[in-house]
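Hello,

Below is the structure I said I would pass on. My notes follow it.

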Amino acid sequence: MKKFINQVELVEDQMIQGMVKAYPQYVRKLECGNVVVRTEKKEGKVALISGGGSGHEPAHGGYVGTGMLDAAVAGAVFTSPTPDQIYEGIKAIATDKGVLMVIKNYTGDVMNFEMAGEMAQMDDIKVAQVVVNDDVAVDGSLYTVGRRGVAGTVFVHKIAGAKAEAGAELEEVQRVAQKVIDNVRTMGVAIRPCTVPAAGKPGFELGEDEMEVGIGIHGEPGTHKEKLRPADEIVDHILDKILSDIDYTGHEVAVMVNSSGATPLMELFIINNHVADVLAAKGIKVYKTFVGEYMTSLEMEGFSVSLLRLDDELKTLLDVHADTIAFKA
Amino acid sequence: MVNQEQVLEILHAIGEKITEEKLFLTELDNVIGDGDHGINLARGFAEVEKKRPMMEGKDIGTMLKTAGMALVSTVGGASGPLYGTAFMQAGKALAGKTELDAQDLVTILDAFVAGVQLRGKSVAGEKTMLDAMIPARDAVKAALDAGKDAKTALAEGVAAAEQGVEYTKTIIATKGRASYLGERSLGHQDPGATSFTTMLKVVAEHV
C-alpha cells in the first residue's frame with residue numbers, strides 16, 4: 001500500500017481536520033468526532049444531515065453549506081458512522097422545523113441513521129428520512145436489500161437543500177428529496193481497484209485489460225468483469241441500462257459524470273463527449289452537466305454517469321444559489 | 001454459574017479472540033461484503049475493554065448494556081447496530097442480576113435473536129448471523145430442557161452454530177451487501193454468522 005498518510009488509525013480524523021482548516025468559512029467540526037456542520041448555523045429552516053463512510057470525498061463534508069447540507073457525518077473508511085455521532089450532528093443542527101436525514105441505501109447506513117433518528121425523536125426533535133438508491137447496476141428485487149445509493153445522492157443534497165433553504169416545511173423538503181430519488185439513475189465502471197487503508201490491500205482484483213462493470217462506490221463487485229473497451233462503447237452500455245430503467249423521453253436531464261477518484265478530467269470529458277452525443281441523438285435535452293469528483297471511492301480508477309430526469313420544479317431548485325466547498329451554483 | 005467478575009472476563013476473552021481472528025473475518029467479508037467485518041468488530045471490543053472500569057461492580061445487565069453501547073458507538077457498519085442491539089437487549093433482560101444460572105443463557109440468546117431480528121428486519125435463511133444464532137439458541141434451550149448441564153448445553157449450542165455457518169455456504173444472501181451478489185454468494189460462509197460462533201465458543205470455554 002502506497003498512500004500519503006501518517007497512520008492508518010488517524011486517516012479519517014486528519015482528513016476532517018485538514019478539510020476544516022482549509023475551509024473554515026464553510027465548515028466547523030464538532031468536538032465529539034468526525035461531524036462537520038455549517039460554520040454558522042441557520043435557524044428557521046429544515047436542517048439536512050447526510051453522511052456515510054469516509055473515502056468518498058468530497059462527499060459529504062464538501063456539500064455542507066448554503067443551499068445544501070447542514071451537517072455531514074464521516075465514519076471510518078467505507079464504514080457507516082455510528083448512531084451517537086449522527087445523533088450529535090442532528091442535535092447540533094436541529095431547528096423547530098425538523099431535520100431530514102439523507103441516507104445512502106446500505107444496510108449499515110440505514111440502521112445507524114435510524115437508531116440516531118430514534119434517539120433524536122426521544123429529544124422531541126422532528127426527524128424524517130429519505131434513502132437514496134440510484135444505482136441501476138444492481139438488482140433492486142425483493143431478494144436484495146435494494147439498489148445502492150451512489151453519486152445521484154449529490155443531486156438530492158442540492159435540490160432538497162435548495163428547498164430547505166427557502167424555508168419549506170419538513171414534509172415538503174422530504175417530498176422533493178424523494179422526487180429526486182425517483183428520477184435519478186446512476187451506473188459506474190472501474191478499471192483499477194482502491195485500497196482501504198486499514199485493510200492494506202485492494203478490495204478486489206482486475207487484470208491489466210479488465211474492467212468491472214456496475215462497480216459500487218466501495219469497490220463492491222458489479223454485474224460482471226469484461227475486457228476493457230473504448231470509452232464510447234462503455235458509455236453506450238451504461239446509458240442503455242439507465243435509459244431503459246425509466247423513461248426519459250421528452251424530459252430534460254441533468255448529467256453528472258463523476259470520477260471514482262483516480263480517473264482524470266481528460267477522460268471524464270472524453271466520456272461526457274459521448275454521453276452528450278448519445279442523449280442528443282435520442283432527443284433528450286441536457287439542461288446542465290456536472291463533470292468532476294463528486295462521489296469518489298478513494299483512489300479507484302473508474303467513473304459513473306448519473307442522469308436526473310427534470311421537471312420545472314427540479315430545474316428551478318437545481319439552479320438556486322448554493323455555496324459549499326465542492327458544489328457551487 | 002457465572003458471576004460479575006466472570007462476565008467481565010468473558011467479555012475480555014471475546015475481545016482477544018475477535019482481535020486474533022480479525023484478518024480472517026475481514027477476508028471472509030472481502031469475498032461477499034465490503035471487507036471490514038473483523039477490523040470493525042476488533043475496534044468495537046477494544047472500546048468495550050476501555051469501558052471495563054465503568055462496568056466493574058455493576059450488575060450484569062448494566063455490564064452487557066454498557067458493552068452494547070460501546071459496540072454501537074464504535075463498530076459502525078451493519079454489525080455495530082446489530083451486535084450493539086443484541087448486547088443491549090440482553091442487558092435489559094438481565095437487569096439487576098449479579099449471578100447467572102443456566103436458564104439465563106437462553107434469556108441472553110433469546111435477546112440476541114430478538115435484537116438482531118428487530119434491528120436487521122431479517123429472518124432465518126437470509127445468510128446472516130441469525131443462521132448461526134437461532135440454531136444455537138434452539139440447541140442450548142433443548143439441551144437444558146432435556147436436563148443437561150450448562151457446559152453440555154453450550155457445547156451443543158456451539159455445534160449448532162458451526163452447522164449454521166456451514167449452512168450459510170449453501171444459501172444465497174438476501175440481506176446485507178452480499179445480497180447484490182445473488183448466486184455468486186453461494187459457497188461462501190457468512191462473516192456475521194462466523195463472528196457470532198467465535199463469540200459463543202469463547203463463552204462455552206469459560207462456563
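Two residues are taken to be in contact if their C-beta atoms, placed from the backbone, lie within 7 Å. The model is predicted, and local features need pLDDT of at least 70, side-chain atom pairs count only at pLDDT 80 or more, while totals for chains, interfaces and linings use all residues. Residues are numbered from 1 along each chain as its sequence is written, and chains are lettered from A and ligands numbered from 1 in the order in which they are written.

Domains

Chain A is split into domain 1 (15-183) and domain 2 (184-318); these bounds come from an automatic or database domain assignment. Their C-alpha centres lie 22 Å apart. In chain A, 28 residues of domain 1 are in contact with 33 residues of domain 2. On the domain 1 side, the elements giving two or more residues are α4 (153-165) and α5 (170-183) of chain A. The largest share, seven residues, is from α4(A). Helices (H or I, at least four residues) and strands (E, at least two) are DSSP runs, numbered from the N terminus.

Sheet

An open sheet of six strands in chain A has the order β10-β9-β8-β13-β11-β12, with mixed pairing. Two strands pair if DSSP finds at least two bridges between them. β10 (224-227) and β12 (285-292) of chain A are at the edges with a single partner strand each, so one side of each has no neighbour in the sheet. Strands β8 (residues 184-192) and β13 (residues 301-310) of chain A run antiparallel and are joined by eight bridges. Opposite Arg185(A) stands Leu307(A), in β13(A).

Regards
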